Amino acid sequence: NIAWPKGGAGDPEYILAVEQVVMPIAREYAPDLILISAGFDAAAGDPLGGCALTPRGYHAMVAALMQLAGGRIVLALEGGYSLGATARCFAACVGALLND
């Protein structure tokens, strides 16, 4: 997890964090498998998360992670507090896994 100093972080902030923080550390670690606890409370429309991440942003993050571990990724659905937002964002993540 990466803590944000205030609410409202969206695709640009999350994607930049993945590119500049997560990916360099992950490349150095060179994992054999990526396990993602896929929670969607950061999704736009989630009543509790206070962020604005879109399905496109989730897709971009999973697509970036596909560069690691030979693309071996497990997504474990954790939840979110908006069924619609969770469904759209999880579908985008699966699309990234399928190179869609």
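A residue is counted as buried when its relative accessible area is under 20%. In the predicted model described here, Ser82 has a relative accessibility of 18% and therefore counts as buried. Ser82 is placed in the loop that runs between strand E2 (73–79) and helix H3 (83–97). When the neighbours within four places in sequence are set aside, the contacts of Ser82 are with Gly45, Asp46 and Pro47.

The protein as a whole contains 3 helices and 2 strands. In sequence order these elements give the pattern α-β-α-β-α.

The overall dimensions were examined next. The C-alpha trace spans about 35 × 30 × 20 Å along its principal axes. The radius of gyration is 13 Å, and because a compact globule of 100 residues would have a value near 13 Å, the protein agrees with that expectation. Of the 100 residues, 39% are buried. Among the contacts with a separation of 6 or more, 74% are made by residues 24 or more positions apart.

The accessible surface amounts to about 6100 Å², and carbon and sulfur atoms contribute 59% of this area.

The cysteines were then considered. With a disulfide taken as a pair of cysteine sulfur atoms within 2.5 Å, the count is 0 disulfides. Cys89 takes part in no disulfide, and the nearest cysteine sulfur, which belongs to Cys93, is 7.0 Å away. Seen from Cys93, the closest cysteine sulfur is that of Cys89, and because the separation is 7.0 Å, the two sulfurs are too far apart for a bond. Cys89 has a relative accessibility of 2% and so counts as buried. Cys93 is likewise buried, because its relative accessible area is 2%.

Technical notes
Residues numbered from 1 in each chain as written. Predicted model: local features only at pLDDT ≥ 70, side-chain atom pairs only at ≥ 80, totals over all residues. Heavy atoms only, no water. Helix = DSSP H or I, 4+ residues; strand = E, 2+ residues; numbered from the N terminus. Rg over C-alpha atoms; globule rule 2.2 N^0.38 Å. Buried < 20%, exposed > 50% of the residue type's maximum accessible area, 1.4 Å probe, protein only. Contact = heavy atoms within 4.5 Å. Areas by Shrake-Rupley, 256 points an atom, 1.4 Å probe, with all protein chains shown as cover.
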